Amino acid sequence: MTKPRRPSAPEQVTDRLFATERRPEDFRFDASVARVFPDMIRRSVPGYTTIIPMIEVITEQYVQPGSHCYDLGCSLGASTLAMRHGISHSDCTLVGVDNSSAMIERCEHYIALDDNTLPVTLRCEDILDTELNDASVTTLNFTLQFVDPEKRASLLARIAKATRPGGVLILSEKIRFESEAEQTIQTRLHHEFKRANGYSDLEISQKRTAIEQVLIPETLSAHRARLVEAGFDNVVVWYQCFNFVSMLAIKANETDE
Ligand code: GEK
């Protein structure tokens, strides 16, 4: 039997949010961002269009029968739908969580358009309050970077505790580098990527000022150490493009050495 496929990508409204002079107010995931989000994230995050289909592949590999799967910070559900298509067991549950009501409202629409029948529960709540248990695959696809740094360790510890042996956390993040020289090179390449995708210098610099208030990147070694401290046994970087990485944090099987 062939697997049901996702409908073609959501209609893309061009992101011009920072095209004119704006006050450098904090960036918020409100209705204006939700409206342009698919275009914004595709043109702003190097590798995003590769990472999404790979989340399906990774989910397929690690999902366990009768388990719960979580997409924390699901936005419009791109990562949720990738997980949904990777889950082959009808007795699994899939939960998408986002604390932006504008995102969740649109996400409901995209989930309804998708032709896979696995039920998806969407919750509009803070992921710090989400109850987690009996998980096989949890995804934080560019979400942890927006969580208060002091609250990140306890969230990851809760995820690790809720994860079955053999289960995983897919963690994608913008990172910073220990070396100033590398930080400069990778930042420049990221900005070139945005310029190549049609963003002007004004848009790039205004977005940078706005996002720096809310997106706090950490180094790869800080991520690795905290994931191990949280209770994961193995951390693998499976993707990197410039200053954007995706990691797989794995809980060992009880039978593993
Ligand atoms: C994708 N995963 O397309 N609780 C709940 N949601 C939160 C919280 C929080 N504490 N903090 C931020 N968010 C998606 C992309 S976007 C990434 C994720 C980006 C939500 C926020 O509302 C937003 O929708 C999402 O996390 C981050 O694969 O914009 O760079």
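Modeller: Helices here are DSSP runs of H or I with at least four residues, strands are runs of E with at least two, and both are numbered from the N terminus. This is a predicted model: local features need pLDDT of at least 70, side-chain atom pairs count only at pLDDT 80 or more, and totals for chains, interfaces and linings use all residues. Residues are numbered from 1 along each chain as its sequence is written, and side-chain values use heavy atoms, with hydrogens and water left out.

Biologist: What do the side chains of E192 and R195 form?

Modeller: Side chains of opposite charge can pair when their charged atoms come close. The criterion for a salt bridge is a side-chain nitrogen of Lys or Arg within 4 Å of a carboxyl oxygen of Asp or Glu. E192 and R195 meet in one, at 2.5 Å from N to O.

Biologist: Is E192 buried, exposed or partly exposed?

Modeller: Buried means under 20% relative accessible area, exposed means over 50%, and partly exposed is in between (1.4 Å probe, protein chains only). E192 has 39%, so it is partly exposed. R195 has 36% and therefore counts as partly exposed.

Biologist: How many salt bridges does a search of the whole structure find?

Modeller: Nine. One of them joins the side chains of D39 and R43, 3.1 Å from N to O. Both residues sit in helix α1, four residues apart, about one turn of the helix. D39, R42 and R43 are linked in a network of salt bridges.

Biologist: Which residue does R152 form a salt bridge with?

Modeller: E218, with the closest N and O atoms 2.7 Å apart. R152 lies in helix α5 (residues 149-162) and E218 in the loop between α7 (201-211) and α8 (220-230), so the pair ties together parts 66 residues apart in sequence. Both R152 and E218 are buried.

Biologist: Now polar contacts. Which side chain does the side chain of T80 make a polar contact with?

Modeller: A polar contact is a pair of N or O atoms within 3.5 Å; within protein, one must be able to donate a hydrogen and the other to accept it, and residues adjacent in sequence count only if both atoms are side-chain atoms. The side chain of T80 has such a contact with that of D71, at 2.7 Å. T80 is found in helix α3. Its relative accessibility is 1%, so T80 counts as buried.
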